[in-house]
Amino acid sequence: MSAVPAVAPTSAEHPSTYRHQVNVWWLLAALAAGPAAWILQLVIGYGVASHLCFPRETPYLSGLPARWAPEPAWLIAVNLACLCLAMGGASASYRNWRRTRPAKGGSAETVLEPGEGRTRFVATCGILAGAGFALAILFDTAEPLVIAACWRLVP
């Protein structure tokens, strides 16, 4: 039985050699920006929309009073602000990814060392998360424009 010798990194060479190119807090903030923006969009949008149609004990069933006209504009503004936050996280992750571009690449065998390319991997995850959650927010942004406020299925 032949054992594969474990190659331990020396003190001069860390397994993640390009980790110093990116601040770890900015890396994690960029990764979390997309999901956080989506959560904010859902929570704030749900609160505004539910208060819009159900402000007290009884819901508005026959349409909205004239005083509620700016609420759909608020929903769109919140969605656009959250969209900007998610896209900002994706662009910050892309900047982090470009800073770690010289990290070791190649086949799976060349990056099997523990920690090799982890900063670049987290930046890649941030790009995907930011873009994916921005797409979800973008789909939700169309809702106040397409669906009438306080609609109901039963008359």
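Axes are lines fitted to C-alpha atoms, for helices over the stretch in contact, with angles running from 0 to 180 degrees between N-to-C directions. Helices are DSSP runs (H or I, at least four residues), numbered from the N terminus.

I noted that this is a predicted model, where local features need pLDDT of at least 70 and side-chain atom pairs count only at pLDDT 80 or more, while totals for chains, interfaces and linings use all residues. Residues are numbered from 1 along each chain as its sequence is written, and side-chain values use heavy atoms, with hydrogens and water left out.

**Entry 1, α1 and α2.** I found α1 (residues 24-53) packing on α2 at an angle of about 170°, axes 8 Å apart. The two are therefore roughly antiparallel to each other. By class I logged 17 nonpolar, 7 polar and 1 charged residues in this contact; Ala, Val, Leu, Ile, Met, Phe, Trp, Tyr, Cys and Pro count as nonpolar, Asp, Glu, Lys and Arg as charged, and the others, Gly among them, as polar.

**Entry 2, α2 and α3.** These axes come within 8 Å and cross at roughly 160°, so α2 and α3 are also roughly antiparallel to each other. Their contact has 15 nonpolar, 7 polar and 2 charged residues.

I listed the contact (heavy atoms within 4.5 Å): among its members are L27, W38 and Q41 of α1, and F133, I137 and D140 of α3.

Which residues make up the largest nonpolar core? I got A37, V78, C82, L83, A86, A134 and I137, 7 residues in all. Such a core is a set of buried Ala, Val, Leu, Ile, Met, Phe, Trp, Tyr and Cys residues joined through side-chain atoms within 4.5 Å. α2 gives the most to this core, with 4 residues. Leaving aside neighbours within four places in sequence, A86 contacts A33, G34, A37, G130, A134 and I137.

Not counting residues up to four places away in sequence, N79 touches Q41, I137, D140, T141 and P144.

Conventions. Buried < 20%, exposed > 50% of the residue type's maximum accessible area, 1.4 Å probe, protein only. Parallel < 35°, antiparallel > 145°, perpendicular 65-115°, else oblique.
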